[in-house]
Amino acid sequence: MVKQLHRQQIMEIKPYVPGKPVEEVERELGISDVIKLASNENPLGPAPASLKVMQELVNKVATYPDGNCYYLKNSLAEKLNLTFSHLVVGNGSDEVIKLIAEAFLDEGDEIIMANPSFSEYDFAAKIMGARTVMVPTKDLTHDLEAMAAAVTENTKLVFVCNPNNPTGTMVGKKEVEAFLDKLPQGVITVFDEAYFEYVLAEDYPDTLEFVRQERDVIVLRTFSKIYGLAGLRIGYGVAKPELIGLISRVKEPFNVNLIAQGAALAALEDVDHVKNSVAMNEEGKKYLYEEFERMSLPYQPTHANFIWVQIKADCQKAFAKLMRLGVIVRTGDIFGAPDVVRVTVGTSEQNKRFIEALEKVLTEEGVFS
């Protein structure tokens, strides 16, 4: 008998299939100037201050980074009106999600998440042999009442992506407070706020206040989106020190690289870059909404920097044709929506190119006569 080497739980995981690099798409299709509107990156790129620091730190990469992210955590603590002990920094917020699973999930435990939402939650649960309970969204928004009703004695973690990826919807302060009040002791709520800097709604919940109240919540944020540092992989988690201490037990000693720490620290100080990014995003949303309405394409108004739009055609076919025209988007079939694409809000020029390409593709597909 041949001994099985792998853990059986990992066979339930579908490996993530990344998109091809832009350069490879250009080479394969014989085109140039491809624009990528698939990963919700900031088209303005990093703040000038971050670029300057990155260049300065290149000569120091022979040394290990600060394993405790001392300066960055102190700066974050001051900005968030918390303490050093309330923070953990990770190799992207993805790593923090995985650390949370490693710290709190046993085999047979359950997590609860919305469907559709960010697949990393399910991935992290499966690694630990835990079960994922998917609760359908209501009008593409987290159904917090149904999620609270789904809690059992086996529930350890509930993930609330707010704004939600991929739909761009948001749950408000009153809904969140009522939801937390319904949860029994021993259930941790993880608020993934990767896009919170883009939110302008007045009723967006201040989840850090729950942290200050020492409730069982963990707030995730990232430097990958509005700060334009996706390629450096750096994000962070905020929670009461007791939870952070448990998460830190499973963290690698030097998990965040030296350049990422320096760039993130500089990014926090560049308030103008964030303001400019929000303004550009709002302008782009307005233009895209108007164009979708002109083409009679249903879309979900967004609180983030991407839009979920129903194109009334097979999203995979449209994706392939858009790519040949030099525009890369995210298909909705992976979220159970075969006639939807998720498009990142780009610069004015990128948005116009996307609309021109989309209209051409949908005309070919017979959506427009």
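## Exercises on a predicted model

Helices (H or I, at least four residues) and strands (E, at least two) are DSSP runs, numbered from the N terminus.

A word on the ground rules: this is a predicted model, in which local features need pLDDT of at least 70 and side-chain atom pairs count only at pLDDT 80 or more, while totals for chains, interfaces and linings use all residues. Residues are numbered from 1 along each chain as its sequence is written, and side-chain values use heavy atoms, with hydrogens and water left out.

### Exercise 1: two aromatic pairs

Classify the ring pairs Tyr70 with Phe84 and Phe292 with Phe354.

**Solution.** Rings of Phe, Tyr and Trp (its six-membered ring) pair if their centres lie within 6.5 Å; planes under 30 degrees apart are stacked, over 60 edge-to-face, and the rest tilted. The model has 13 aromatic pairs by this rule. Take Tyr70 and Phe84 to begin with: at 5.8 Å centre to centre and 50° between the planes, the pair is tilted. Tyr70 lies in helix 3 (residues 70-80) and Phe84 in the loop between helix 3 and strand 2 (87-90), so the pair ties together parts 14 residues apart in sequence.

Now turn to Phe292 and Phe354: with 6.4 Å between centres and 85° between planes, this pair is edge-to-face. Phe292 belongs to helix 11 and Phe354 to helix 13 (residues 348-364), 62 residues apart.

For accessibility, buried means under 20% relative accessible area, exposed over 50%, and partly exposed in between (1.4 Å probe, protein chains only). Tyr70 is partly exposed at 43%, whereas Phe292 is buried at 0%, and Phe354 is buried at 0% too.

### Exercise 2: the surroundings of Asn40

Locate Asn40 and list its contacts.

**Solution.** Asn40 sits in the loop between strand 1 (35-36) and helix 2 (48-57). Its relative accessibility is 1%, so Asn40 counts as buried. Leaving out residues up to four places away in sequence, Asn40 touches Asn165, Tyr195, Lys225, Asn305, Phe306, Arg342 and Thr344.

Check the side chains next: those of Asn40 and Tyr195 make a polar contact at 2.9 Å. That term means N or O atoms within 3.5 Å; within protein, one must be able to donate a hydrogen and the other to accept it, and residues adjacent in sequence count only if both atoms are side-chain atoms.

Conventions
Contact = heavy atoms within 4.5 Å.
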